[in-house]
Amino acid sequence: MAKVKRFPALRQILKFYKKHIALYIAFVFILLIKAVISFFSAMLVANIISAMMDANYGAVWKYAGINLTILLISKLLSYANTYFYKNLENKVRFDLQQKIIESALNIKMSYFDNMGSGTIVTRLTADIDHISERFKSLTEKVVNIIRRFSYLIYIFFLNAYLGLFVFISVVIVSLAYTIRIHYLSKLKPKVKAQREVVNSKIIETIRAVKDIKTLNCDNNVLALVGDSQKEFIKKDNHEYYVDELLCKITDAIVNISDFLFMGVSMFLMMNYSLTSTVFYTCYLYKDHTFTLANEFGDFRYKLAECEVCAERLFDIVYPKPENIDQYGEGYEENYTGKIEFKNVNFSYIPNLEVLKNVSFTIEPKTTVAFVGESGCGKSTITSLIGHLYYKNSGEILL
């Protein structure tokens, strides 16, 4: 059995980022430099406190000056990094939107009708923006996870007992985040799908204002849109409440770990296994380390969320073969213009025929008018001639 690759849609997204790899490497490189600066900044703060406790004010000014310098450098790097990522973001957005528009023009009209232009507009805008924001966030999360893991190693170096305690706490918090991600990964796609339905109906309603006013069906349209909105609110509220509950439970576990950390530290200090300077340094790094579970949990959650958006995009970019228009490769140089329908049957909806056994011939250099009541198939015939739709049966000869 062939091995199924995880996150196949995100792998496709990465191909668009690889086209601009230089910008991405520059962005990641600056993030790594900032992570190193952050690590040493926390160490310098601990040294400042230690020097203050020893009344070594010369050392205080020295460490404070070094810390200020590297923090200012970090700010400059952050500003420089906006240039690299903003350029990367807009280039990838341009490529994705071009690819989606190109693909949409080759999708069968029936599939396009079922999807709705509002859905495509939503995926062209909201989903691409979401992927762009999440991709940046995921990259930053990876760097933060590396940085915070280095904090854990440093705590082990300072005091093995505190290091072990913090490690166990991180594992427990990570398990809590795993449960949270499990539930949200099931609820989030449903919320996104319903939001898409609402957006699509709103866009289609705005576009059809003229027809709605002409037919005097305002109340019916409002009711249809309102039903979709109510369903979205129901699903969105449920997802939000579950997320908040699980988030608060995780926060409570972190608070309990903080409390127990103080108890373990006091026990070690009473047994002369921990100095006040080492305690403060570990305490400072502990807060960064506890968020390792948070960072890792958020990384998995946003990765799953990004995969959902990418899947929806690639439903259009790489549609199934049965949803793609089929074009011939021939070219007729001496085409005369004769059009003939032979017993053509067609329906937009199964078992509800618009055309039934329609036959006619249009001779070259003649003008033909299709006359009939609304819905009798006039526009359908011209759409079939233009091959926007595919007949159910019969022959259409050009």
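Glu89 counts as buried, because its relative accessibility is 12% (buried is under 20% relative accessible area, exposed over 50%, partly exposed in between, with a 1.4 Å probe and protein chains only). It forms a salt bridge with Lys86, with the closest N and O atoms 2.8 Å apart; the term covers a side-chain nitrogen of Lys or Arg within 4 Å of a carboxyl oxygen of Asp or Glu. Lys86 itself is partly exposed, at 45%. Being 3 residues apart in helix H3, Lys86 and Glu89 are separated by about one helical turn. Helices here are DSSP runs of H or I with at least four residues, strands are E runs with at least two, and both are numbered from the N terminus.

Before going on, a word on the model: it is predicted, so local features need pLDDT of at least 70 and side-chain atom pairs count only at pLDDT 80 or more, while totals for chains, interfaces and linings use all residues. Residues are numbered from 1 along each chain as its sequence is written, and side-chain values use heavy atoms, leaving out hydrogens and water.

## The other bridges

Side chains of opposite charge can pair when their charged atoms come close. By the rule above, the count comes to 4 salt bridges. One of them joins Lys19 to Asp95, at 3.4 Å between the closest N and O atoms. Lys19 sits in the loop between helix H1 (8–18) and H2, and Asp95 in helix H3, so this pair ties together parts that are 76 residues apart in sequence. Lys19 is exposed, at 57% relative accessibility, whereas Asp95 is buried, at 15%.

Then there's Lys235 with Glu231, a salt bridge at 3.8 Å from N to O. Both residues lie in helix H8 (residues 218–270), 4 residues apart, or about one turn of the helix. Lys235 is partly exposed at 27%, and Glu231 is partly exposed at 30%.

## How H2 meets H3

Helix H2 (residues 21–53) packs against helix H3 (residues 57–104) at about 160°, with the axes 8 Å apart. Axes are lines fitted to C-alpha atoms, for helices over the stretch in contact, and angles run from 0 to 180 degrees between N-to-C directions. That makes H2 roughly antiparallel to H3; the cut-offs are under 35 degrees for roughly parallel, over 145 for roughly antiparallel, 65 to 115 for roughly perpendicular, and oblique for the rest.

Sorted by type, the residues of the H2–H3 contact come out as 28 nonpolar, 7 polar and 2 charged.

## Aromatic pairs

The whole structure holds 13 aromatic pairs. Rings of Phe, Tyr and Trp (its six-membered ring) pair if their centres lie within 6.5 Å, and planes under 30 degrees apart are stacked, over 60 edge-to-face, the rest tilted. Phe261 and Tyr283 make a tilted pair, 6.1 Å centre to centre with 45° between the planes. Phe261 is in helix H8 and Tyr283 in helix H9 (residues 276–317), 22 residues apart. Phe261 is buried at 0%, while Tyr283 is partly exposed at 30%.

Tyr348 and Tyr389 are edge-to-face, because their planes stand at 90°, with centres 5.2 Å apart. Finally, ring pairs link Phe165, Phe261, Phe279 and Tyr283 into a cluster.

Notes
Ala, Val, Leu, Ile, Met, Phe, Trp, Tyr, Cys and Pro count as nonpolar, Asp, Glu, Lys and Arg as charged, and the others, Gly among them, as polar.
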